[in-house]
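Here are my notes from going through this model, written as numbered points. Have the structure open and click along as you read.

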Amino acid sequence: MRSVHIPGSAPRLLCFHGTGGDEHDLVPLAQHIAPGHEIRSYRGISDEGGMLRWFPRSGFNVFDVTAVRAHLDIMLAGLREELSDDELRASVFLGYSNGANAIAALLQLGAPITRAILLHPMQVLDERADLSGAQVFVSLGERDEMISTSQTEKLVASLKEMGASVTLHRAPGGHGITSDEIEAVRTWMSTA
Ligand code: MLT
């Protein structure tokens, strides 16, 4: 997969942008929350009228599970071309919006992920995996016009039921990433 790679210390951050973004979007955020750490920031593999994403959608927040799974398979295969499963487990996955949804879905499919930062996610798949030992930071916007608080809360409940340790941050804004959210991620990173 096309990516930006910035060498640095462990743990490395693997970044997945939101709809319409690209591999450069989350680099400043990753550098802020984990200064000096290795960063690999990827470019979405699905194209929706020129907007890059991680998997296609058939309507707004409407998903064809088969197409989602096929794209997640490609995404995971792309990561495995660069990193072993142990290296993936030692990484921190960082995603925003559609990128966060892709990471959440990979967690549900039992991908080798132990730490994840999911900014404004929702649940896309219904699969369940054993997530005991996984640490997940989730944020939502109280006035998010793209992903409702209940959609994020549903994902949080599922992740907890699967055994993950989840930190939920409620930001006062909408779908955009707020400064208080960034500081909450930074604090979580320093203890994760
Ligand atoms: C999705 O399609 O993954 C969600 O609606 C988030 C987004 O708008 O990309």
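1. Let's start with Gln123. Leaving out residues up to four places away in sequence, Gln123 touches Gln108, Gln151, Lys154, Leu155 and Ser158. Keep in mind throughout that this is a predicted model. Gln123 is in the loop between β7 and β8. Is Gln123 buried or exposed? With a relative accessible area of 14%, Gln123 is buried, because the cut-off for buried is under 20%.

2. Staying with Gln123, have a look at what its side chain does. There is a polar contact of 2.6 Å between the side chains of Gln123 and Ser158. The Gln123 side chain also makes a polar contact with the side chain of Asp126, at 3.5 Å.

3. Next, Arg128, which is in the loop between β7 (115–119) and β8 (135–141). Which residues does Arg128 contact, once neighbours within four places in sequence are set aside? They are Gln108, Glu161 and Met162. With Glu161 there is a polar contact between the two side chains, at 3.4 Å. Gln108 is worth a click, as it turns up in the contacts of Gln123 and in those of Arg128.

4. Moving on to strand β8, where you will find Gln135. Its relative accessible area is 30%, which makes Gln135 partly exposed. Not counting residues up to four places away in sequence, Gln135 touches Thr114, Arg115, Ala116, Ser165, Trp188 and Ala192.

5. Now the ligand. Where does the ligand sit? It sits in the largest pocket. The residues around the ligand are Thr19, Arg53, Arg57, Asn61, Phe63, Ser97, Asn98, Asn101, Met146 and Ile147.

6. For Asn61, a polar side-chain atom lies 2.3 Å from an oxygen atom of the ligand. For Arg53, a polar side-chain atom lies 2.9 Å from a ligand oxygen. For Arg57, an N or O atom in the side chain is 3.5 Å from an oxygen atom of the ligand. How much of the ligand's accessible area does the protein cover? The protein covers 99% of the 260 Å² that the ligand has on its own.

7. Most residues other than glycine have a negative phi, and most peptide bonds are trans. Asn61, which is among the residues around the ligand, has a positive phi of about 55° although it is not a glycine. Asn61 is in the loop between β5 (51–53) and α2 (65–82).

8. Ser97 is also among the residues around the ligand, and it too is a residue other than glycine with a positive phi, near 55°. You'll find Ser97 in the loop between β6 (92–96) and α4 (98–108). At 10% relative accessibility, Ser97 counts as buried.

9. Pro11 is in strand β2 (residues 9–16).

10. Arg40 is an arginine to compare with the ones above. Arg40 lies in strand β3 (residues 37–42). Arg40 counts as buried, at 15% relative accessibility, because buried means under 20%. Its side chain is joined to that of Glu38 by a polar contact of 2.9 Å. Leaving aside neighbours within four places in sequence, Arg40 is in contact with Val4, His5, Arg12, Leu13, Leu14, Cys15, Glu82 and Leu83.

11. Last stop, Ala70 in helix α2. Is Ala70 buried or partly exposed? At 35% relative accessibility, Ala70 counts as partly exposed. The C-alpha atoms of Ala70 and Pro56 are 10.0 Å apart, with the two residues 14 places from each other along the chain.

Definitions and conventions:
Residues are numbered from 1 along each chain as its sequence is written. This is a predicted model: local features need pLDDT of at least 70, side-chain atom pairs count only at pLDDT 80 or more; totals for chains, interfaces and linings use all residues. Side-chain values use heavy atoms; hydrogens and water are left out. Helices (H or I, at least four residues) and strands (E, at least two) are DSSP runs, numbered from the N terminus. Buried means under 20% relative accessible area, exposed over 50%, partly exposed in between (1.4 Å probe, protein chains only). A polar contact is a pair of N or O atoms within 3.5 Å; within protein, one must be able to donate a hydrogen and the other to accept it, and residues adjacent in sequence count only if both atoms are side-chain atoms. Contact means heavy atoms within 4.5 Å. A residue is near a molecule or strand if one of its heavy atoms lies within 4 Å of it. Accessible areas come from the Shrake-Rupley method with a 1.4 Å probe; for residues, only the protein chains shown count as cover. On a 1 Å grid over the protein atoms alone, a cavity is a set of points where a 1.4 Å probe fits but cannot get out, and a pocket is an open set with protein on both sides within 12 Å along at least five of seven lines; lining residues have an atom within 4 Å of a point. A molecule sits in a cavity or pocket if more than half of its atoms lie within 2 Å of its grid points.
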